[in-house]
Amino acid sequence: MGAIRVSAREGYALWADTWDATPSPIVALEQRALLPWIARLHSRRAIDVGSGTGRWTARLSAIGVDASPAMLAVAAGKPGLRGRLAAADATALPIASGPADLVLCALTLGHIRDQAAAMHEFARILAPGGTLLLTDFPPAAATVQAARDMGLRSLSFLAADLSSSAFNRPVEWPAERQSSVAPELAELDCEMESLIAGYPADGFILEAPQKLRRIVAHFRAHYGLAPHIAPRCNAPWVSAVVESNGDVRPCFFHAAIGNTAGTTLGAVLNGPQAIAFRESLRVADNPICQRCVCSLYVETQEPTQ
Ligand SMILES: C[S@@+](CC[C@H](N)C(=O)[O-])C[C@H]1O[C@@H](n2cnc3c(N)ncnc32)[C@H](O)[C@@H]1O
Ligand code: SF4
């Protein structure tokens with residue numbers, strides 16, 4: 001299924017009523033990072049650009065400016081915000097030059113097409129010596145560009161593993177921890193589709209487009225909106241994972257099938273426990289495989305499963 005693209009204004013018109021109630025790991029992370037900065041400032045005249053439903057506007061006793069009438073309507077229903085809000089674009093702020101000692105633009109810059117014009121406006125309304133606080137998360141395409149700028153040869157995108165005990169996680173994460181990391185589905189879908197739209201021909205992104213879409217499908221299943229579907233994988237037949245304590249696993253996610261202490265890797269891989277595991281594993285039906293975020297398929301002459 002492809003993503004439907006809407007403008008920020010249309011998107012926030014749809015989202016406004018549920019924005020405050022939608023738990024977002026991005027908002028939670030941003031809030032954790034920004035709070036100490038805000039606490040240090042004693043601003044007397046703050047302007048919150050892209051103020052949305054007033055998450056920061058109320059806390060800062062700021063003037064809020066936003067392009068979405070729907071988000072502003074939600075903000076206006078909150079105590080102390082009525083009369084402190086204005087509908088305008090960040091690139092044409094209805095504010096005189098120089099009165100603000102703080103301009104906050106939280107999780108908004110990425111929506112603004114002409115970011116240079118917005119920055120010009122922020123500089124215009126800030127008093128000399130004032131503070132500009134910007135928060136945002138780069139889209140996946142910007143991450144690709146940053147990786148190129150750093151001189152990396154390639155980049156790989158995988159779904160975050162929320163539910164397994166792999167990678168030395170001794171117990172499965174509780175639901176609250178999982179939901180604080182799980183991405184917002186529509187946003188992730190748009191991110192992956194825009195990455196695919198500009199898919200580089202030089203192989204810089206290691207996942208083929210269908211594997212990028214699988215990341216979205218993985219979280220759709222995580223939210224209970226679709227069944228979990230196992231990937232094509234023959235990892236246990238063509239590879240093994242050896243832990244630092246000698247434990248040998250058939251892949252990152254399945255339990256150990258032996259240990260190299262006092263024996264050889266070959267003996268473990270060809271021992272009765274390993275053979276029994278491979279003989280009984282049906283990747284398509286296995287619940288661990290169905291939630292797998294990192295599969296492997298290697299073409300072989302030998303039949304695997
Ligand atoms: C992710 S919300 C963030 C809201 C608020 N700053 C917060 O952190 O809770 C982004 C907000 O930016 C607003 N926005 C998007 N493009 C804008 C623009 N060009 N000018 C002003 N606001 C804009 C949207 O309407 C939306 O309310
Ligand atoms: S699909 Fe994942 S969990 Fe299943 S065998 Fe392959 S790597 Fe292991």
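Trainee: How many residues surround ligand 1, and which are the closest?

Mentor: Please note that this is a predicted model. A shell is read by listing the residues around a molecule. Ligand 1 is surrounded by 17 residues, and the closest are Gly 50, Gly 52, Arg 55, Ser 68 and Ala 90. By class, eight residues of this shell are nonpolar, six are polar and three are charged.

Trainee: How does the shell around ligand 2 divide by class?

Mentor: Twelve of its residues are nonpolar and two are polar, with no charged residue. The shell has 14 residues, the closest being Cys 233, Cys 251, Phe 253, Cys 289 and Cys 292. Helices α10 (235-238) and α13 (287-290) each contribute at least two residues to the shell around ligand 2.

Trainee: What span should helix α2 have, and how far apart are its end C-alpha atoms?

Mentor: Each residue counts for 1.5 Å, so the 16 residues of α2 (residues 25-40) should span 22 Å; the end C-alpha atoms are 24 Å apart, which agrees. Helix α2 also has a kink of about 35° at Leu 34, shortly before the proline Pro 36.

Trainee: Which residues have the most contacts inside the largest nonpolar core?

Mentor: They are Ala 46, Ile 47, Val 49, Ala 62, Val 103, Leu 104 and Cys 105, in a core of 20 residues. Two or more residues of this core come from each of β1 (46-49), β2 (63-66), β4 (100-106) and α5 (115-125). Strand β4 gives the most, with six residues.

Trainee: Which residues does Ala 62 touch?

Mentor: Leaving aside residues up to four places away in sequence, Ala 62 touches Ala 46, Ile 47, Asp 48, Trp 56, Thr 57 and Leu 104.

Key:
Residues are numbered from 1 along each chain as its sequence is written. Chains are lettered from A and ligands numbered from 1 in the order in which they are written. This is a predicted model: local features need pLDDT of at least 70, side-chain atom pairs count only at pLDDT 80 or more; totals for chains, interfaces and linings use all residues. A residue is near a molecule or strand if its C-beta atom, placed from the backbone, lies within 6 Å of it. Ala, Val, Leu, Ile, Met, Phe, Trp, Tyr, Cys and Pro count as nonpolar, Asp, Glu, Lys and Arg as charged, and the others, Gly among them, as polar. Helices (H or I, at least four residues) and strands (E, at least two) are DSSP runs, numbered from the N terminus. The expected span of a helix is 1.5 Å times one less than its number of residues. The bend at a residue is the angle between axes fitted to the seven residues ending there and the seven starting there. A nonpolar core is a set of buried Ala, Val, Leu, Ile, Met, Phe, Trp, Tyr and Cys residues joined through C-beta atoms within 7 Å. A residue is buried if 20 or more other C-beta atoms lie within 10 Å of its own, exposed if 12 or fewer, and partly exposed in between; C-beta atoms are placed from the backbone. Two residues are in contact if their C-beta atoms, placed from the backbone, lie within 7 Å.
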